[in-house]
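This report walks through one protein, from its overall build to single residues. Keep the sequence and the 3D view open as you read.

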Amino acid sequence: MDKENLWQAVLAQIQFNISPANFSTWFKSTEIFDKQGRIVWVSVPNAFSKEWIENKYCKLILKILHNLDEEIKEVKYCVGKTSSKAPREKEMTSLPVFGQLEFQEFKIDKETNLNPRYTFENFIVGSFNELPHAATMAIIKEPGLIYNPLFIYGGVGLGKTHLLQALGNEIVKTFPQKRVKYISSEKFTSEVVSSIRNKKMEELKEKYRTLDVLIIDDVQFLAGKEKTQEEFFYTFNALYEKNKQIIISSDRPPKAISALEERLKSRFEGGMTADISYPDFETRMAILNFKTQERKINLQEDVLSYIATNIQKNIRELEGALNRLVAYQKLNNQTPNLEIAQSLLENLIISPIKIINPKKIIQVVIDFYDLKEKDIIAKSRKKEIVKPRQIITYFLREELKCSYPFIGKKIGGKDHTTAIYSYEKIKKEINKNENFKNEISLIKQKIYS
Ligand code: ADP
Ligand code: MG
């Protein structure tokens, strides 16, 4: 086998093993440029992909090469070398063509509420979302049978909706006879409310209880909506008993959704729970690399790394930064360099240190737990109120270094010793309990957003 065919054979097998987005990001401009005895030299487009491929795919590549040609025992990677006859662009025609995406109009299907924009082809998988991604893959094989319900949670802009929608689209494609519906919990709530008002509950029941796959997004918004929760509970049971697949997303784990009925929480926990965390630097670079290809813009590596360094917790913001640079490029017919990028992204990235105050902390915590400010000040010793009160204490001390007497006053005229006790209690709990720690970090994120 000559070098070119050998590499094509390797690529074909790799493509089988990893997601199309990852494939296109990492292997687009690679080739074998030399082979001497037991060593194969692979050329990669830049230092960054060299590191990535060496770290993540090195073993896989060697294994495939060795299977194809037993003589091969070692693979080395070099940046930017190309063999003399290297019609790179031509070879790539077999890969998915991006760039057309932005001209495509995406129509949301009226029956399923699915948007064809969201696919697995344009979904990057990294360690931060590996588990929920794997769970969706398992569901596609046998909807309703393995992970039911699947509960995916994670912060804003990290791909929950994308993953849920991609799963829905894939199920429709694989099982055209199955009835699939995607709905946000806010939309579901408003349907319940209007069905009650118009005395059309029977229709609503019929509509949801006869589905094969129900996908419900942002379920934290059901908090406090008792009637909707009740209807959802019966829908859930009806589907679950018939082995119909239910997929749920939320910004926090079931336990941490306050004002959600216990029976629903325990239903949610009864299946598979998987969280999406934050993408690490390499994955952020991978996402940017992929999205630059999609948008057909060629940005220098230092520009991409500037964005990836400064935007860490939200993929939607990564996209936003990129879109600005694309807009600049279109307007000026010039690719922005680092200096231009820095000034274009200034207000997006170097946001002045967020000024927070006690009022903001209290507001975020009471919103999070679905309470009113008067609950915090009142004398109540109910657990649902004591805990948020202690969390407010914790943040006032930790983030603003407020004095204990001041904190005592803020939480309803309590003694400063109560404030000290509360602060210590939360601190201990954070060290002890991983779930609680995540809950606190989610609240902190909201305080600073
Ligand atoms: P969430 O529902 O968690 O708030 P979204 O699913 O709306 O987040 O994602 C925000 C944006 O980031 C969307 O445009 C989505 O396509 C994109 N995105 C999220 N995760 C990924 C990923 N893993 N790969 C590629 N794009 C992603
Ligand atoms: Mg969403």
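Helices (H or I, at least four residues) and strands (E, at least two) are DSSP runs, numbered from the N terminus.

## Ground rules

This is a predicted model, in which local features need pLDDT of at least 70, side-chain atom pairs count only at pLDDT 80 or more, and totals for chains, interfaces and linings use all residues. Residues are numbered from 1 along each chain as its sequence is written, chains are lettered from A and ligands numbered from 1 in the order in which they are written, and side-chain values use heavy atoms, with hydrogens and water left out.

## Overall build

The protein has 22 helices and eight strands. Its C-alpha trace spans about 80 × 55 × 45 Å along the principal axes.

Of the 449 residues, 48% are buried. Buried means under 20% relative accessible area, exposed means over 50%, and partly exposed lies in between (1.4 Å probe, protein chains only). Contact means heavy atoms within 4.5 Å. Take the contacts with a separation of 6 or more: 73% of them join residues 24 or more positions apart.

## Nonpolar cores

A nonpolar core is a set of buried Ala, Val, Leu, Ile, Met, Phe, Trp, Tyr and Cys residues joined through side-chain atoms within 4.5 Å. The largest one holds 72 residues, and Phe27, Ile61, Leu65 and Ile307 touch the most other members. Helix α14 supplies the largest share of this core, six residues. A second, separate core has 29 residues, including Tyr369, Leu371, Ala419 and Leu442.

Which residues does Phe27 touch, not counting residues up to four places away in sequence? They are Trp7, Leu11, Ile14, Ile18, Ile53, Tyr57 and Ile61.

## The largest pocket

Pockets are found on a 1 Å grid over the protein atoms alone. A pocket is an open set of points where a 1.4 Å probe fits, with protein on both sides within 12 Å along at least five of seven lines. Lining residues have an atom within 4 Å of a point. Grid points are joined across faces, edges and corners, and a volume is the space filled by probe spheres set on the points.

The largest pocket has a volume of about 1400 Å³. Its lining counts 45 residues, and Val156, Lys313, Asn314, Glu317 and Gln445 lie nearest the centre. Helices α7 (160-174), α12 (281-294), α14 (315-332), α16 (346-349) and α22 (434-447) each give at least two lining residues. The most come from α22, with five. By type, the lining has 17 nonpolar, 15 polar and 13 charged residues. Here Ala, Val, Leu, Ile, Met, Phe, Trp, Tyr, Cys and Pro count as nonpolar, Asp, Glu, Lys and Arg as charged, and the others, Gly among them, as polar.

## A loop with buried residues

Gln220 sits in the loop between β6 (213-217) and α10 (226-241). Its relative accessibility is 9%, so Gln220 counts as buried. The Gln220 side chain reaches the backbone nitrogen of Asp251 at 3.2 Å. This is a polar contact: a pair of N or O atoms within 3.5 Å where, within protein, one must be able to donate a hydrogen and the other to accept it, and residues adjacent in sequence count only if both atoms are side-chain atoms.

Leu222 lies in the loop between β6 and α10 too. Leu222 is buried because its relative accessibility is 0%. Beyond its neighbours within four places in sequence, Leu222 is in contact with Ser185, Thr189, Thr228, Gln229, Phe232, Ala259 and Leu260.

Glu191 belongs to helix α8. Its relative accessible area is 14%, so Glu191 is buried. A polar contact of 3.1 Å links the side chains of Glu191 and Lys207.

## Backbone exceptions

Most residues other than glycine have a negative phi, and most peptide bonds are trans. Lys199 has a positive phi, near 50°. Lys199 is found in the loop between α8 (185-197) and α9 (201-209). Is Lys199 buried or exposed? Lys199 counts as exposed, at 77% relative accessibility.

Asp370 also has a positive phi, near 60°. Asp370 is partly exposed, at 41%. A cis peptide bond joins Asn148 and Pro149, with omega about -5°. Pro149 is in the loop between α6 (130-141) and β4 (150-154).
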